[in-house]
Amino acid sequence: MSDLRTAVREATARLAAAGIRSAEADAVALAAHAMRVDPSEVRRAMIVGTAEPAGYAGLVDERAARVPLQHLTGVAHFRRLTLTVGPGVFVPRPETEVTAGLAISAARSQDRDPLVVDLCTGSGAIALAVKDELPVARVLAVELSDLAHAWAVANRDRLGLDVEIRLGDATQAFDDLVGRVDVVVSNPPYIPDGSEPVDPEVRDHDPELALYGGSDDGLAVPRAVAARAGVLLREGGVLVMEHAEDQGASLAAALLAAGGWTEVVDHPDLTGRPRTTVAVRRGVTS
């Protein structure tokens, strides 16, 4: 067993050789998990001279085999929250923090305590972030997968956030809220059928139910979710929907073609790539 500094340096090189772009950060995160400390403490320990923690080499082996970092540490950081994640639930991505932020901004702009619904909530990341950052909001969420639903409920209970999380189909959910919702936010599955994610962490570990959009263009599920959002939203309510970087124009076109939407605007993620469409529910005219 080597000293911590050498172990992290060697782990970084191994993870980089395995094609992991965040090799150094992952090596430190795994050490922090093994030591049960924060990453900043690992970096301090590397300077003062500390022994490699027990189990570290095994964690590095698994990460080099492209097991998601979050499955190994059991947590994913999302905006101000630390979520528990693992097999059976989609690991929230940094780009989805932008989607959550747009939903929070839309909710804050309401002239009353907002009613917010998260369709396809997965780990509960977006719904819980909305409640955390806007406590006056009433927030509800729905998830189709029983495994993911269990992760979302566990996150809610551990964080102590008052979010109602239902198990069910997002395209049919919330009959009790028709025409009453101020903001609907969704990160639906949107990968085109027949496509294969490049990253092994996604391809081999994220549940297919959370990935594939049900059509060649990947938009069958997003279109169905948007249609349900249109039923739930009040006139002037806001839809916030994440999409793949090459679907910004096509999702906006689908919303406009469906009718009932105005002020359809696409927003980039932190890397500048198209990521989230925002649209306003237009009143029905006879």
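Tutor: Quick definition before we start: helices are DSSP runs (H or I) of at least four residues, numbered from the N terminus. The model is predicted, so local features need pLDDT of at least 70 and side-chain atom pairs pLDDT 80 or more, while totals for chains, interfaces and linings use all residues. Residues are numbered from 1 along each chain as its sequence is written, and side-chain values use heavy atoms, leaving out hydrogens and water.

Student: At roughly what angle do the axes of helix α1 and helix α2 cross?

Tutor: Take α1 as residues 4-17 and α2 as residues 23-35. Axes are lines fitted to C-alpha atoms over the stretch in contact, with angles from 0 to 180 degrees between N-to-C directions. The two axes come within 8 Å, and they cross at roughly 135 degrees.

Student: What does that make α1 and α2 to each other?

Tutor: Under 35 degrees is roughly parallel, over 145 roughly antiparallel, 65 to 115 roughly perpendicular, and the rest oblique. With a crossing of roughly 135 degrees, α1 and α2 are therefore oblique.

Student: How many nonpolar residues does the contact of α1 with α2 have?

Tutor: Contact means heavy atoms within 4.5 Å. On the α1 side you'll find Leu4, Val8, Ala11, Thr12, Leu15 and Ala16, facing Ala23, Glu24, Asp26, Ala27, Val28, Ala31 and Met35 of α2. Sort them by class (Ala, Val, Leu, Ile, Met, Phe, Trp, Tyr, Cys and Pro nonpolar; Asp, Glu, Lys and Arg charged; the others, Gly among them, polar). There are 2 charged and 1 polar, and the nonpolar count is 10.

Student: Which residues of α3 make the contact with α1?

Tutor: Helix α3 covers residues 39-48, and its axis comes within 7 Å of the α1 axis, crossing at roughly 120 degrees. That makes α1 oblique to α3. From α1 come Leu4, Arg5 and Val8; from α3 come Val42, Ala45 and Met46.

Student: How far apart are the axes of helix α6 and helix α7?

Tutor: Here α6 is residues 94-108 and α7 is residues 125-133, packed at about 45 degrees. That makes α6 oblique to α7. Thr96, Thr99, Ala100, Ala103, Ile104 and Arg108 of α6 meet Ile126, Ala129, Val130 and Glu133 of α7. The axes are apart by 9 Å.

Student: Which ring has the charged end of Arg281 over it?

Tutor: The test is NZ of Lys or CZ of Arg within 6 Å of the ring centre and within 35 degrees of the ring normal. Arg93 lies over the face of Phe90, 4.4 Å from the ring centre. The charged end of Arg281 sits 5.3 Å from the centre of the ring of Trp261.

Notes. Helix = DSSP H or I, 4+ residues; strand = E, 2+ residues; numbered from the N terminus.
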